[in-house]
Structures are given as structure tokens and as C-alpha cells.
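Subject: Structure for you to look at

Hello,

Here is the structure I said I would pass on. Please open it next to this email and look up the residues as you read.

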Amino acid sequence: MAQILVTGGAGYLGSVATSMVLDAGHHVRVLDDLSTGHLDALDERAEFLEGSLDDPRALDEAVRDVDAVIHFAGKSLVAESVTHPDLYHRTNVDGTRQLLEAMNSHGVTRCVFSSSAATYGEPEHLPLREDSPTRPTSPYGQTKLLVDQMLAEAASRGLSAISLRYFNVAGALETSRGWLGERHHPETHLIPNVLSAEVDQPLTLFGTDWDTPDGTCVRDYVHVVDLIDAHLRALDALENSRHLVINLGSGRGYSNREVITSAEAVLGRPVPVIETTRRPGDPAVLVASIDRAREVLGWTPQRDLTRMISDAYAARLTREF
Ligand SMILES: NC(=O)c1ccc[n+]([C@@H]2O[C@H](COP(=O)([O-])OP(=O)(O)OC[C@H]3O[C@@H](n4cnc5c(N)ncnc54)[C@H](O)[C@@H]3O)[C@@H](O)[C@H]2O)c1
């Protein structure tokens, strides 16, 4: 049994991680400033510290006596990062630097970090591998890449770290207290937006003339429970003075139209859609190579797109939005 600090544990991924890490028999302490998180998503078995990555006293208390940190806390809206790049650098980069300093002063040497496919930018070759070029096209992606580089540098001074580069995460976890699902405001992710589309608030489909089989963008989706399972495996795979980057996706792409069609099957009704022009900066196809996750973590995602959509829908039905 270990003591794990989960930063951002009141958020979508952090709340699922908190419950699953507790279920695996560990103690969990959560540090979250509730800026985008939800207190009611927090597992009551966890110890909760309300505080920010930019508060040295909160960090000092948070890292005390912990064996490892799973670091989810951060800002993650691509469009907001374009309008407020300083906020993204302060929270994601400076905040992580301060977290690492606090860990260092308490002798905490193990860290699993939420990185992103946004570090790669427009792909040259598909599927994207961990050694593919990194040319992020947004300040958000730049901040994630800077943290990956910071962790690599800290590993040369003794840190054990894994950057998990998520592709598109979806789905929800059912717990004895109800479903833990996605509740971002604003919601920019396709699956929750497909599920919430109404006749008077249709889904906007950006671009139907891409060079893809059905003309819509193709993305790689992974179920949140599979994703967090990979974090538990990553904790076990941490090695002294080593930093690894590992992609987490399903290794296959689904077009936006395929997502809509699958959602219509789950909902039992058509999804109202408005087709519009391409969104600047969107690559046509993003698909992960997950060979390294298979090899290093012994991980293979178990849940398919229909399961992601039906679990996200079940979570949606039980929550007020
Ligand atoms: N959801 C995805 O599909 C996805 C994909 C790639 C990467 N990520 C990364 O995973 C992480 C979690 O994503 P999410 O979807 O759960 O986001 P989220 O917004 O639901 O959760 C982030 C949590 O961090 C907290 N937080 C933010 N700034 C903080 C600060 N300065 N101090 C303390 N707590 C702070 C928020 O209150 C929130 O609870 C983020 O770092 C995100 O960039 C997510």
C-alpha cells in the first residue's frame, strides 16, 4: 500500500483516478484548487487539500510523506490557451516546476504526468510514435511539451517519471456513489457534445471535405477506465533516474461521422448536426501508436467506442449539467 498524491483529483480524469487508485488499495491525497473541478466528484475516502500549484505552502503539505505523484492538475482548453497563453504557462509549466521543487525537498522521486497528443502538432507520419517530431500548434501543447522536457531534465538528477500522452479520452466510471464522467465548462470534447446536441442546439461538425474516407476528421479515442488503468501500471513501471514518454490511445482512428453514428445507435435517435467549414489548426487524422504502452506497461485498451459513448451517456443521465 502506498500514499499517492493526485493533483487535480476533483477533475474528470483525476476523480476517476482517485477512485481507482483507492480501489487498488492505496491511500490517496488530492490537491485541487477547484478551478475546473467538482467537489462532489471527489471520493470521500481520499484526503482532500484545497489549494493551488502556485501556493508553496499547499504544495509542501501535499507532498509530505507521499510515495508518488500522479499529476493531472492544469489548464487544458486549446482555444483558451491561444487567448491566455500566460495563464497556461503559469499553471502548467510554472505550477509543475513548483510541484517538482516541493517533491525534491521532501525526497519524493516518483511522478506520472498527464501529457497530451497536442505535443505532436500536425503529424508527418501516422500512427504517431513517441519519437515523432514535436511541433505543438497551440500554447497548450507547448506547455505540455515543456513539462515533458522538464521531467526528462529532472530525471538526470534522480527523478523517476513517465509522461503519458493522452489522445482523446472519453467514457465514465461507475462507482458505488454513481457515475464519474466528463463535466467541462465549456465542453470542447466531441463525445459529450454529440450526446448533448439538441434540435435547437445542434452539434457543429467542422469540415466535411478532409482527405479521409468520409471527409470528416479522424481521432483516436480511449476509455477513461483503460486510461487510468495505464496510470496504475505506470506507477509500477517507474524506474530510478528515468523519464519515459508513452502514448495512450486505442491505436485506431474513428471519424467524427463514425462517432455520431455510434452515438445515434446508443441514443436511439438522430443527432442534430450543422456542417460548417474546417477549423484552423485541426489536423485531418491523429492516431497513436500504442506499441510502447503494450511493451512497457503490458497494457491493451479493453473498451471500444460504443462502450465509451454508452458510459458517457449513463453518466450524463445521472448528473445535472
Ligand atoms: N480529458 C482529456 O481528453 C485530456 C487529453 C489530454 C490531456 N489531458 C490532461 O489531463 C489532465 C486532466 O484533464 P481533465 O480533462 O481531467 O481536466 P479537468 O479540468 O477536469 O481537471 C483538471 C483539474 O485540475 C484542477 N486544477 C487546475 N489548475 C489547478 C491549480 N493551479 N492547482 C490545483 N489544481 C488545479 C482543476 O480544478 C481540475 O479539478 C490535464 O492536465 C489535461 O491537460 C486531458
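This is a predicted model: local features need pLDDT of at least 70, side-chain atom pairs count only at pLDDT 80 or more; totals for chains, interfaces and linings use all residues.

Domains

The chain is assigned two domains, and each of them is made of two stretches of sequence: domain 1 covers 3-170 + 222-248, and domain 2 covers 173-219 + 251-317. The centres of domain 1 and domain 2, taken over C-alpha atoms, are 23 Å apart.

Where the domains meet

On the domain 1 side, 43 residues are in contact with domain 2, which contributes 33 residues. About 3200 Å² of area is buried between domain 1 and domain 2, and carbon and sulfur atoms give 64% of that area. Three residues of domain 1 stand out here: Y12, H223 and D226 supply 18% of the area that domain 1 buries against domain 2, more than any other three residues.

There are also polar links across the boundary. Between domain 1 and domain 2 the count is 14 residue pairs in polar contact, and the count of salt bridges is 3.

Which elements make up the side of domain 1 that touches domain 2? At least two residues each come from α1 (12-23), β7 (168-170), β12 (221-223), α7 (224-237) and β13 (243-248). The largest share, 9 residues, comes from α7. Sorted by class, this side of domain 1 has 25 nonpolar, 8 polar and 10 charged residues.

Salt bridges

The structure as a whole holds 21 salt bridges. In one of them, the side chains of R177 and E44 meet, with 3.5 Å from N to O. R177 sits in the loop between β8 (173-175) and β9 (178-180), while E44 sits in the loop between β2 (27-32) and β3 (47-50), so this pair ties together parts that are 133 residues apart in sequence.

The ligand

Around the ligand there are 29 residues, and D32, T36, F72, Y140 and K144 come nearest.

- A polar backbone atom of D33 is 3.2 Å from a nitrogen atom of the ligand.
- A polar side-chain atom of S52 lies 3.3 Å from a nitrogen atom of the ligand.
- An N or O atom in the side chain of H184 is 2.8 Å from an oxygen atom of the ligand.

Backbone details

Most residues other than glycine have a negative phi, and most peptide bonds are trans.

Where are the cis peptide bonds to look at? One runs from L126 to P127, with omega near -5°, and P127 is found in the loop between β5 (110-116) and α5 (139-155). Another joins H185 and P186, with omega about 0°. P186 has its place in the loop between β9 and α6 (190-196).

The remaining place is L34, which is not a glycine but has a positive phi of about 60°.

Regards

How values were computed
Residues are numbered from 1 along each chain as its sequence is written. Side-chain values use heavy atoms; hydrogens and water are left out. Domain bounds come from an automatic or database domain assignment. Contact means heavy atoms within 4.5 Å. Buried area is the accessible area (1.4 Å probe) that two parts lose on being put together, summed over both. A salt bridge is a side-chain nitrogen of Lys or Arg within 4 Å of a carboxyl oxygen of Asp or Glu. A polar contact is a pair of N or O atoms within 3.5 Å; within protein, one must be able to donate a hydrogen and the other to accept it, and residues adjacent in sequence count only if both atoms are side-chain atoms. Helices (H or I, at least four residues) and strands (E, at least two) are DSSP runs, numbered from the N terminus. Ala, Val, Leu, Ile, Met, Phe, Trp, Tyr, Cys and Pro count as nonpolar, Asp, Glu, Lys and Arg as charged, and the others, Gly among them, as polar. A residue is near a molecule or strand if one of its heavy atoms lies within 4 Å of it.
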